[in-house]
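Here are my notes on the model you sent. Please read them with the structure open beside you.

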Amino acid sequence: MSKPIGSLVAAVAMTTALTGPAVAEEFKIGVLLPFSGVYAALGEHIENGFKLGLEHFKDDLGDHTVTMVRDDTEANPGSSLAKAKKMILQDKVDAMTGIVSSAVLAGLRDTVDAAKVPLIVANAGNNMMTGERCSPYVVRVSFSNGQVNRPMGKWVYDQGKKKVYLMAPDYAAGHQMMEAFKSTFEPAGGEIVGEAYPPLRGVDDYGPYLTAAKATNPDAIYVFFAGGAAIKFVKQYHEFGIKKDIPLYASGFLTSAAYVHVEGEAADGITSILHYTPNIDTPENKRFQEAYQAAHGKVGSEFSAQGYDAARLIVEAIKASGGDKEAFKTALRNASFNGPRGPMKIDPATNNVIQNVYIIKNEFKDGKVHQSVLDTIENVQDPVSGCQMN
Amino acid sequence: MLTDGGFWIVQILNSLQLSMLLFLLSVGLTVIFGLLNFVNLAHGSLYMLGAMIGYSIATATGSVWLSFFGAPVAVMIIGAVLYKLLIERMRTAGPMNQVLVTFGLIFVLMDIARYIWGTDQLGVTGNIPFYGTIEVFGQFYPSYRLFIIAVGLITYAVLYVLLERTRLGSEVRAGVDDGETASCMGINVEATFFGVFLLGCALAGLAGAIALPAFSATPDMGVGILVPTLVVVVVGGLGSLKGAIVGSLLIGTTLTFGTALIPNFAGIIMYALLVAVLLLKPEGLYPVRA
């Protein structure tokens, strides 16, 4: 009995040797996402997308494998840093991904940079992290706050809206998004007639802000809110009957696919801008949405798409590296592919993604909100603002 | 802006709406506080459960009206279970232990809600009673908010009659005023406390259910509302209905006009008011026990 088995093993060994010299490498990826706390929903969307991405593109890995280590960041920079250090030192991960909160990202930046372990950012949009605080080891596949708002200033002006009132929550993202809007709206000739920055948390009632905004008689209002604040804001804008006099333009997070169904009729007529909307008409997006909806029973949001693209980026880099872990790090910065949101490419000058940004129309009909692409601004690239790669 | 009459009318209605929501939450908390010095920090979580259960009822039956009745009852039952399992034995454990246990309860209830309802934003959009916009003195105003105001005022009226005109009311007032003597007079203070606790739970559930159509629900919504509710209780004075309504109106008005007129200070204005009241009247505006 032992002899035939022995020759069988020898035969298998020979065939393997013939088919490829590559050593099958294991790539260990640390997933750092909020699974509890205020951003828990986003963590879930990104992880679902990430897992789907690994599943869809696993054939591209060849003999290599990807394993995941996951941990909860909440929205806490301190404990997230400890967890990232554990992943780097103890689990010896080859790269990390996730990161919803920009504060968590800012806390991890120096550690990741010193340890030379790449961090693929799947959400946190703070401009500075691909600007003056950029690092060769921080690669952003999601968006920057400037990128997904900057084109809107000129676009809104071109719609004949010369006087605009701005509103966003009082934290870094809110201010960066409004500044980006202004940076193209004012040079085009537009006038900002007023601005309000309500506190990030604890505002249940935007009524007072809306009444004050209306009193300045703008041609349009441009806002950014996300999550529960976005739902409250949209409902209240609708209920106060302002929309028929003053149209609402917004960062697309206001009407995110993650919760636009909760806004319902109130979202009707809002024009928004974002790097993803579930109805982009490409084969990649169709495949993503069909699989995502079948698995989770809900539409894949921009957060799910970001997780999906983070997985795709890792797979592409592994493929390009041929299993060499140093080459993998460089390959992450040179990747380009067509994701659900369209063509995307990492900009080696900033490590931020270059991608299309979409102007989205929200319409309420037959009891549902329909989101359609009104206009596409192609290949939006961030300026190199103070980023020096070392 | 300031000379526009419409601006003031809308803001007054806004502050009334916020005040009424705060009133529904704080009245239960203040009476529980006052009656047996019990600190229930998990009161905000009952508000969250009211919204969540209201969501489930409204989506399952298609009737938002039904959720206004079903959610308070369900939250009252949850309150009864919590009372029997936990709160009853914490009654004599001292305020520090009560704070720790009910603070922990916030997280337990939040995670249970996360497990059952998930982490996404939940909301109801169809069949909302009084939905739409109506004209008040030439200003457009969401009619559902007028409904919230009405619910708050009706609740106040019912509670007023209950506390001032019924035997149960006098037992509650006696219990708050001097529990030991009341119990010597043959009043079952324990049973009274249980009843009041359940009523407080039901009102928190009602607040959650009626807030749902106007806002949206997440498992952590109970944490955000807790702080203003506690401020209302402290400003109004422990244990009094009058304190709860006056405190709610004061905080609701301050928050609303504060955000409209001096938006840069919106985050601290409530605390400034709290500090002012604590300096001038440390026992609150209408304390039951002076």
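1. From the N terminus on, chain B runs α-α-α-α-β-β-α-α-α-α-α-α-α. That comes to 11 helices and two strands. Helices (H or I, at least four residues) and strands (E, at least two) are DSSP runs, numbered from the N terminus. The radius of gyration of chain B is 19 Å, close to the 19 Å that the globule rule gives for 290 residues, so chain B is as compact as a globular protein of that length. That radius is taken over C-alpha atoms, and the rule is 2.2 Å times the number of residues to the power 0.38.

2. A word on the source. This is a predicted model: local features need pLDDT of at least 70, side-chain atom pairs count only at pLDDT 80 or more, and totals for chains, interfaces and linings use all residues. Residues are numbered from 1 along each chain as its sequence is written, while chains are lettered from A and ligands numbered from 1 in the order in which they are written.

3. The C-alpha atoms of chain B fill a box of roughly 60 × 45 × 35 Å along the principal axes. Of its 290 residues, 50% are buried. Buried means 20 or more other C-beta atoms within 10 Å of the residue's own; exposed means 12 or fewer, and partly exposed lies in between, with C-beta atoms placed from the backbone. Take contacts in chain B between residues at least 6 apart in sequence: 77% join residues at least 24 apart. A contact needs C-beta atoms, placed from the backbone, within 7 Å.

4. Look at helix H8 (residues 189–211) of chain B. Its 23 residues reach 33 Å from first C-alpha to last, close to the 33 Å expected at 1.5 Å a residue. The expected span is 1.5 Å times one less than the number of residues. In H8(B), 17 of the 23 residues are buried, so this helix is largely enclosed by the rest of the structure.

5. Chain A has 12 helices and 14 strands. Its radius of gyration is 23 Å, close to the 21 Å that the globule rule gives for 390 residues, so chain A is as compact as a globular protein of that length. Its C-alpha atoms fill a box of roughly 90 × 45 × 35 Å, taken along the principal axes. Buried residues make up 52% of the 390.

6. Chain A divides into domain 1 (26–144 + 280–355) and domain 2 (150–274). These bounds come from an automatic or database domain assignment. The C-alpha centres of the two domains lie 29 Å apart. Their contact takes 10 residues from domain 1 and seven residues from domain 2. On the domain 1 side, helix H2 (40–57) and helix H11 (302–321) of chain A give two or more residues. By class, that side has three nonpolar, six polar and one charged residues. Ala, Val, Leu, Ile, Met, Phe, Trp, Tyr, Cys and Pro count as nonpolar, Asp, Glu, Lys and Arg as charged, and the others, Gly among them, as polar.

7. What does each chain give to the contact between them? Chain A gives 30 residues and chain B gives 29 residues. H2, helix H7 (207–214) and helix H8 (227–239) of chain A each supply at least two residues. H8(A) gives the most to the chain A side, with six residues. That side has 15 nonpolar, seven polar and eight charged residues.

8. Last, confidence. Where pLDDT is low, the predicted coordinates should not be read in detail.

Technical notes. Two residues are in contact if their C-beta atoms, placed from the backbone, lie within 7 Å.
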